[in-house]
Amino acid sequence: MSNQEPNKTKLKLAIQKSGRLYEDSIRLLKECGIDVSNGMNKLKADATNFPLEVFFLRDDDIPQYVEDGVADIGFVGENVVFEKNKKVIITEKLGFGKCRLSIAIQRNESYSGVDYLAGKKIATSYPVILADYLSKNNIEAEIHEISGSVEIAPGIGLADAICDLVSSGSTLFMNGLKESEVILQSQAVLIKNELLDASKQQLLDRLIFRIESVKKAKNNKYILLNAPNNNLQQIISLLPGMKSPTVLPLAEAGWSSVHSVLNENEFWDIIEQLKAAGAQGILVIPIEKMII
Ligand code: PRT
Ligand code: ZN
């Protein structure tokens with residue numbers, strides 16, 4: 001049965017047409033088993049194996065499209081969601097497009113704290129988020145809105161400080177600036193229209209189930225190791241596993257093969273303890289999907 005019959009309900013997803021979020025958005029869909037081919041300069045495309053229609057848009061327009069219901073859901077940076085301030089619901093963090101919105105000042109200035117910004121002129125493409133931050137901190141400063149190349153503003157005398165996205169920090173460094181305050185930590189999120197009907201919500205639940213399985217898999221590793229039987233209980237106690245570790249006898253007497261799943265965050269700690277407990281031949285394998 002095809003998902004592509006014209007009058008079947010389809011979920012309409014808006015993603016960035018080109019730019020930093022495009023490839024990761026397509027990759028995430030692919031990891032969820034959904035293929036989308038974007039013929040050059042197409043505005044929309046149907047997924048081949050899920051009832052999904054994908055719109056390719058400028059990231060700034062995505063919250064509005066989702067609020068209006070032209071798209072049901074969107075993948076977009078939290079920074080854009082908060083700046084545009086549209087009536088949409090953030091449903092899921094997607095784990096890519098990570099950056100922070102920060103205030104930066106000239107490197108040779110000494111920085112005393114947020115009060116430094118009082119009476120200063122700050123250039124930004126994020127006037128809404130910045131104004132909110134300044135008012136929460138009781139700072140009166142002048143916001144100068146510009147749409148691009150914000151980082152050159154202090155160098156050419158247009159502003160005393162900037163408020164812009166940072167990831168590696170090299171753009172700030174190359175422009176003689178230093179990061180003085182982080183206003184917002186951001187990543188790509190899934191947003192949805194406030195009034196999805198039941199059939200669309202059902203499709204969205206299926207999509208979210210897949211996204212969560214992909215995310216869980218990325219945060220976990222499959223581990224195999226050889227354990228001496230005389231220390232097996234200690235080694236097993238170090239391994240959480242999905243239920244409990246799998247233990248199989250090795251051909252060589254006195255040894256077992258132990259299989260388990262480890263979370264990225266505790267990974268190195270546990271590996272060190274396993275080695276100390278006599279584990280050998282430790283293999284670590286990425287997991288593609290994890291359904292719990
Ligand atoms: O054309 P369209 O409007 O769709 O795209 P765009 O040019 O507005 O956005 P784009 O593609 O640059 O970024 C899309 C989203 O990616 C942003 O809204 C963020 O959510 C996310 N993101 C993640 C970033 C960065 N990292 C990032 N580093 N967006 C922009 N930058 C820029 C930043 O503005 C600065 O110029 O990169 C520079 C700083 O990078 P570092 O590594 O030198 O610190
Ligand atoms: Zn944009």
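Predicted model: local features only at pLDDT ≥ 70, side-chain atom pairs only at ≥ 80, totals over all residues.
A polar contact is a pair of N or O atoms within 3.5 Å.

**Exercise 1.** Determine which side chains among Asp-59, Asn-79 and Thr-171 meet the 3.5 Å cut-off with ligand 1.

*Solution.* 
1. For Asn-79, a side-chain N or O atom lies 2.7 Å from an oxygen atom of ligand 1.
2. For Thr-171, the distance from a side-chain N or O atom to a ligand oxygen is 2.5 Å.
3. For Asp-59, a polar side-chain atom is found 2.9 Å from an oxygen atom of the ligand.

**Exercise 2.** State how much of the accessible area of ligand 1 the protein covers, and where the ligand sits.

*Solution.* 
1. On its own, ligand 1 has 850 Å² of accessible area, of which the protein covers 77%.
2. The site of ligand 1 is the largest pocket.

**Exercise 3.** Describe the shell around ligand 1 by residue, class and element.

*Solution.* 
1. The shell holds 22 residues, and those that come nearest are Asp-60, Asn-79, Ser-168, Gly-169 and Thr-171.
2. By class, five are nonpolar, 11 polar and six charged.
3. Helix H3 (78–84), strand S9 (161–166) and helix H5 (170–174) are the elements that give two or more residues.
4. Strand S9 gives the most, namely three residues.

**Exercise 4.** Identify the domains that each supply at least three residues to this shell.

*Solution.* 
1. The chain is divided into domain 1 (11–97 + 188–217), domain 2 (99–186) and domain 3 (220–286).
2. Domain 1 and domain 2 each supply at least three shell residues.

How values were computed. Residues numbered from 1 in each chain as written. Chains lettered and ligands numbered in written order. Heavy atoms only, no water. Near = heavy atom within 4 Å. Polar contact = N/O pair within 3.5 Å; in protein donor to acceptor, adjacent residues only side chain to side chain. Areas by Shrake-Rupley, 256 points an atom, 1.4 Å probe, with all protein chains shown as cover. 1 Å grid on protein atoms, 1.4 Å probe; cavity = no way out; pocket = protein on both sides within 12 Å on 5 of 7 lines; lining within 4 Å. Sits in = over half its atoms within 2 Å of the grid points. Helix = DSSP H or I, 4+ residues; strand = E, 2+ residues; numbered from the N terminus. Nonpolar A, V, L, I, M, F, W, Y, C, P; charged D, E, K, R; others polar. Domains from an automatic or database assignment.
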